[in-house]
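My notes follow in the order in which I checked things.

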Amino acid sequence: MSVDLAVVSDTHVPSREERIPEWVEGRISAADHVVHAGDFDSAEAYERVVELAGGEANLTAVVGNIDPRGFDLPETATLDVEDVRFVVTHGSGSLEGYRERVADAVREEGGPDAVGICGHTHDVMDEFVDGVRLLNPGSATGAEPAAETTMYRLTVDGSDVSVTLHHE
């Protein structure tokens with residue numbers, strides 16, 4: 001039986017966007033589990049994602065560089081789904097060396113076969129960096145500097161990960 005993940009990041013509500021678009025909320029609500037790679041921007045945005053996910057047990061989330069102080073979220077989290085280990089990190093810091101820095105963190109936390117989920121750049125990415133697959137869903141609200149609103153749906157079946165990009 002496969003597992004569907006809604007993967008989002010960089011919502012930036014309310015500093016850059018008023019709310020998460022309805023179509024993104026619908027996909028979050030329909031998923032078996034939700035991953036948010038940081039930069040909620042506010043406690044209200046975090047609480048909304050928790051509500052859409054059906055509770056904190058159905059959400060794996062990390063803190064981003066603009067999240068409020070006191071957010072009780074880790075900088076890195078691991079999530080095992082079927083036979084796949086995911087390592088979630090925002091990827092904060094300079095854009096120079098971003099991919100290598102995130103790949104190193106994924107390998108360190110999850111081992112050589114882990115799949116990385118990251119945010120920060122607002123750019124969609126599905127590529128291998130130094131042998132590590134990195135997935136960045138872009139911005140779930142289209143917050144600047146994103147060109148559009150994007151998110152991933154991952155279907156995990158055993159050790160197979162199918163990635164679908166949704167955008168508007």
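I call a residue buried under 20% relative accessible area, exposed over 50%, and partly exposed in between. The model is predicted, and I kept that in mind throughout.

I began with glutamate 127. Its relative accessibility is 29%, so I noted glutamate 127 as partly exposed. Its side chain meets that of arginine 99 in a salt bridge, with 2.7 Å from N to O.

I stayed with helix α3 and went to arginine 107 and aspartate 104. Their side chains form a salt bridge at 3.1 Å, N to O. The two residues are three apart in the helix, which means that about one helical turn separates them. Arginine 107 has 30% relative accessibility and counts as partly exposed. Aspartate 104, at 40%, also counts as partly exposed.

How many salt bridges does the count come to? I get eight. I also traced shared partners: Arg19, Glu25, Arg48 and Glu51 are joined by salt bridges into one network.

I checked the pair aspartate 80 and arginine 85, whose side chains meet in a salt bridge at 2.8 Å, N to O. Aspartate 80 is partly exposed, because its relative accessibility is 47%. Arginine 85 is partly exposed too, at 34%. I then turned to aspartate 83, in the loop between β4 (76-81) and β5 (84-89). Is aspartate 83 buried or exposed? Its relative accessibility is 62%, so I wrote it down as exposed. Aspartate 83 belongs to a patch of negative charge on the surface, where it gathers with Glu82, Asp157 and Asp160.

Last, I looked at threonine 121, in the loop between β6 (115-117) and β7 (124-129). Its relative accessibility is 14%, so threonine 121 counts as buried. Which backbone atom does the side chain of threonine 121 reach? I found the backbone nitrogen of aspartate 123, at 3.1 Å.

Notes:
Residues numbered from 1 in each chain as written. Predicted model: local features only at pLDDT ≥ 70, side-chain atom pairs only at ≥ 80, totals over all residues. Heavy atoms only, no water. Patch = residues over 30% accessible without salt bridge, like charges linked within 9 Å, V, L, I, M, F, W, Y side chains within 5 Å. Areas by Shrake-Rupley, 256 points an atom, 1.4 Å probe, with all protein chains shown as cover. Salt bridge = Lys/Arg side-chain N within 4 Å of Asp/Glu carboxyl O. Lys, Arg positive; Asp, Glu negative; His and termini not counted. Charge placed at Lys NZ, Arg CZ, Asp CG, Glu CD. Helix = DSSP H or I, 4+ residues; strand = E, 2+ residues; numbered from the N terminus. Buried < 20%, exposed > 50% of the residue type's maximum accessible area, 1.4 Å probe, protein only. Polar contact = N/O pair within 3.5 Å; in protein donor to acceptor, adjacent residues only side chain to side chain.
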